[in-house]
Amino acid sequence: MASHVFALLIGIDDYKSGRIWNLEACAHDAQRMKQWLMQDLQVPKENIALLLNQEATKRRIEDTFMSHLVNNSAIAKGDALIVYFAGHGSTLPAPPDWCEGNLGRVAGISDRSLFAMLAELSLIKGDNITLILDCCFPKAQLGSSTRDRRFVRYTPTSKATPEDLFLGLWRGALGRRFRGEFGFFQDDCQSHVLLAACRPGEKALEWKEGGKFTSELLTVKDALPLHQMKVSELSEHLAKGLTHMQQHPVCIGQRKDRVFLDGVPFVADASLVPVNGEKDRLRLEMGAMHGVVEGTEFSVHDHNRFGSINPSLDSFRVYEVHPTWSLARRKSMSKPGGRGSWARITRWNSHTPFRVYVKRTCTSLLRHIFGRNKNSEAELDGIPVKEGLNIVQVETSAKADMSVGVHTRDVRVQNLDHLVPPTAHPLIRIEKDRSRSGVILSEAARFHMHLHRTNPAKPFHESLGMEIFRVDPHTKRRVGPNLLVDGTAAISHSEGARYAVVLHNHSDTDLWPYLAYMDSNGVDIQLLYHPQPSYPMPPLRKRSSLDIGCTGSGIPPLNFPFPEHQQQESAFLKLFVSTSYTSMGLLEQSSSAYSRPPTPVPPPTPTMESKDQPQNWDTALACVVMRRARAKS
């Protein structure tokens, strides 16, 4: 998972010493690396430490290395760790007794220090460590003119003496053997893999838009599937893009032939589901239970991994819908298409309208006056709208499911759905950037679609029941009465409170249950319970019940998310049931740090069932209103 990726990113353009010339794009490169980790690999912001320019002192780098990586309790052994540096490399003759042989040359935070730091880190957190250096250590001295040295990430060392290196030596390096003649390029390194901008003796170049090596890395990740690429192969692809500049990236280390980052961030994407069949007609492992209707469109792809380039190979449109699967044909028979094994919904064709009221603000007034985007059918007051989600604008808030106000610095949304209690409509502020505000309406529309979706036939509606109980966090046993009364649970929530849900099946049919927590104060959906496809029997047996979150259930007590800044939280527990197994992982969506699925959701797998086997599905809904309990005086 991407939450198991941690990074220390360093970029230095501005140097205090007058004898060291400044660079132009190192800080920008570090920021671009952070953007890639957060947007493509979905690494949480708190997992990334970024040090730029004056922040990146030797002391600060060492302290952050210890606090953010070595002593970080959130990092488990085997998590993917990245240390990235863009700035000047430098060399200095090694003092006597510095290493095995006195031919080595060392740099700022010296090679000996850094290797000791990484060895210490690998001992505690494992050897899934990637060191990325966009700097260089050329053999020949650079010319004295600004033109000769301006775009090279190297500076000679003039003030420091070889003996000064011992004063700045990492404490863990004392007594540790070091082959100094190879500097940072130790080919037998076991603690980490090195991905360097160039060979020893070559120059690492930059322009205003970024370092050539970092720019090529960010280009390759958009062109090639990283989830199946060895680090050594990645280095070879980078070298192809920089050969004309006489800059040859290298990869060194005993683990260089394993997949980049050991594949940790490239987890299965639940929004991609299996398809199979003939080239022009496919069976999609999604159906009415998932929200698929006739006219739903999807693209087909080669794989189902997060963070790895996965272009659309062809497009299909559904023409026949069943409870957990559907049939589709190619949208265009005349155009050539590719064959993929995984599908992503591109147009839901939802029949349920999602009504949005746009508040008049100064920003929206200026947009109207100057005509900005007024002719765009894909935007609503400047916010992108995805087709196929049936988003319609209404004139008053009384008719709306959500109100939206676009302000100068943020977008403010409020859930007005009639299912939400009238006292539970807080205003949510979203930072105004297209990466976040650009998807808020689509996420809200999907939330609304999943919340209101039911089976019109209601085959199990009278046979399903839910109960909610508090759970003692120590004994994991239920305490107190059922909190769910007439479809609503009014809870006085205290810090650390845990809960259990009991599902009841009064029908004569065994069922597969899927329990989702839907935060109505936002657009988050997380699955609290999802059965494994390997279960020999449906977990919710006929005329029986299923405990989720208490002793004997095998599932930890449930933690209902409750943001610290809120005094009240409203949410829904939505139960989906089916007569045959299906994956419901595509329901999940997260817009906040509070959404952390407590149980792993198995990735979708192709079904082996006959399409003629009878199927059915249904839903049940409960409302949860939590108010923060007053602290005892």
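These legends go with a handful of close-up views of a predicted model. Local features need pLDDT of at least 70 and side-chain atom pairs count only at pLDDT 80 or more, while totals for chains, interfaces and linings use all residues. Residues are numbered from 1 along each chain as its sequence is written, and side-chain values use heavy atoms, with hydrogens and water left out.

View 1. A nonpolar core here is a set of buried Ala, Val, Leu, Ile, Met, Phe, Trp, Tyr and Cys residues joined through side-chain atoms within 4.5 Å; buried means under 20% relative accessible area with a 1.4 Å probe, protein chains only. Helices (H or I, at least four residues) and strands (E, at least two) are DSSP runs, numbered from the N terminus.

**View 2. Around Leu 9.** Contact means heavy atoms within 4.5 Å. Setting aside neighbours within four places in sequence, Leu 9 is in contact with residues including Ala 30, Met 33, Leu 37, Leu 50 and Tyr 84.

**View 3. Helix H6 against helix H7.** The axes of H6 (residues 212-220) and H7 (residues 231-242) come within 10 Å and cross at roughly 120 degrees. Those axes are lines fitted to C-alpha atoms over the stretch in contact, with angles running from 0 to 180 degrees between N-to-C directions. On the H6 side, Lys 212, Phe 213, Glu 216, Leu 217 and Val 220 meet Leu 234, His 237, Leu 238, Gly 241 and Leu 242 in H7.

**View 4. The closed barrel.** Its 6 strands run E11-E12-E15-E14-E13-E16, with antiparallel pairing; two strands pair if DSSP finds at least two bridges between them. The twist averages 45 degrees from one strand to the next. Zooming in, 4 bridges join E13 (residues 297-301) to E14 (residues 314-321), and Glu 297 stands opposite Arg 317 in E14.

**View 5. Strand E24 and its partners.** E24 (residues 464-471) is largely enclosed by the rest of the structure, because 6 of its 8 residues are buried. E24 runs antiparallel to E28 (residues 498-505), with 8 bridges, and Phe 469 has Ala 500 as its bridge partner there. Another 2 bridges join E24 to E25 (residues 478-479), also antiparallel. In the E24 and E25 hairpin, with 6 residues between the strands, Lys 476 takes a positive phi near 60 degrees.

Note on methods:
Buried means under 20% relative accessible area, exposed over 50%, partly exposed in between (1.4 Å probe, protein chains only).
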